[in-house]
Amino acid sequence: MSQPPFQPPPPPHQPPQSPYNPYNQPAPPQQPFMNPAPPFQAPPFQQAPPFQQPPFGQQPPFGQRPNAGGNPVGAVFLGFVVSVVVSGVYSGINLATYKDQSLTVANTLYLAHALLNGAIVGCLVGLVGRRSNGARIGAAVIAALGAFFGYANSLPLIIADAQTPSVVGDLLSDDPFFPAKAWWSSEAHGGVDWYSPLGLVLAAAAAWGLAYVVGNRRQ
């Protein structure tokens with residue numbers, strides 16, 4: 001009996017190979033799925049609240065000075081110019097009416113001019129300088145000087161009209177301060193004429209008071 005030829009045993013069964021993993025290596029462990037971080041977003045733009053002025057009468061916080069505002073230098077300069085004009089008008093009126101003036105009329109006219117000078121200067125300084133204390137002090141000084149020079153400047157004009165201009169020149173050459181001495185002296189009693197300093201006080205008080213009132217209302 002003949003024997004069949006020797007046949008090798010069949011190869012062991014191998015699992016099918018993947019074209020992407022020909023050596024059947026174990027797959028790496030799966031990482032848990034994580035959501036990607038959200039993109040950066042800038043915070044929403046917040047507009048600054050509009051400036052609100054504190055109600056009228058409310059005081060500013062401690063350590064802050066209120067804004068005076070205004071133009072103190074311009075206020076003083078304007079007050080000076082107006083005071084010179086008012087004083088010049090008074091000197092002209094005094095020159096035109098000195099022959100008909102009594103002592104009472106002369107004193108009344110002088111005090112009225114002092115008040116008018118102070119009132120006009122104070123109102124203008126208050127409007128322009130507002131709450132500036134320096135402007136108020138300047139208004140008081142300017143108004144007082146206007147009251148003084150309004151009378152002192154009219155005196156040489158009166159003497160020149162009553163006599164001659166050469167007399168005025170001689171008086172000024174002998175005593176340059178004779179208008180101020182005549183302003184201070186009393187013609188009736190020969191002593192101190194207290195109406196003269198009273199006019200300065202009235203002019204300064206009117207200028208400072210009206211500058212204060214008008215300046216606060218403007219603010």
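**Figure 1. Burial and overall fold of the predicted model.** Of the protein's 219 residues, 26% are buried (under 20% relative accessible area; exposed is over 50%, partly exposed in between; 1.4 Å probe, protein chains only). The model is predicted: local features need pLDDT of at least 70, side-chain atom pairs count only at pLDDT 80 or more, and totals for chains, interfaces and linings use all residues. Residues are numbered from 1 along each chain as its sequence is written, and side-chain values use heavy atoms, with hydrogens and water left out. The protein has six helices and zero strands (DSSP runs numbered from the N terminus; helices are H or I, at least four residues, and strands E, at least two). Along the sequence the pattern reads α-α-α-α-α-α. Take contacts (heavy atoms within 4.5 Å) between residues at least 6 apart in sequence: 75% of them join residues at least 24 apart.

**Figure 2. Packing of helix α1 on helix α3.** Helix α1 spans residues 72-97. The axes of α1 and α3 lie 8 Å apart, at an angle of about 25 degrees (axes are lines fitted to C-alpha atoms, for helices over the stretch in contact; angles run from 0 to 180 degrees between N-to-C directions). Helix α1 is therefore roughly parallel to α3 (under 35 degrees; over 145 is roughly antiparallel, 65 to 115 roughly perpendicular, the rest oblique). The contact residues of α1 include F80, Y90 and L95. Those of α3 include I142, F149 and D161. By class, the α1 contact with α3 has twelve nonpolar, ten polar and one charged residues (nonpolar: Ala, Val, Leu, Ile, Met, Phe, Trp, Tyr, Cys and Pro; charged: Asp, Glu, Lys and Arg; polar: the others, Gly among them).

**Figure 3. Packing of helix α2 on helix α3.** Helix α2 covers residues 103-129, and helix α3 covers residues 133-162. Their axes are 9 Å apart and meet at an angle of about 150 degrees. That angle makes α2 roughly antiparallel to α3. Among the α2 residues in contact are Y110, H113, V121 and G129. Their α3 counterparts include R136, A143, G146 and Y151. By class, this contact of α2 with α3 holds nine nonpolar, six polar and one charged residues.

**Figure 4. The D175 and K181 salt bridge.** Side chains of opposite charge can pair when their charged atoms come close. D175 and K181 join through their side chains in a salt bridge, 2.9 Å from N to O (a side-chain nitrogen of Lys or Arg within 4 Å of a carboxyl oxygen of Asp or Glu). The count by this rule is one salt bridge. D175 has 21% relative accessibility, so D175 counts as partly exposed.
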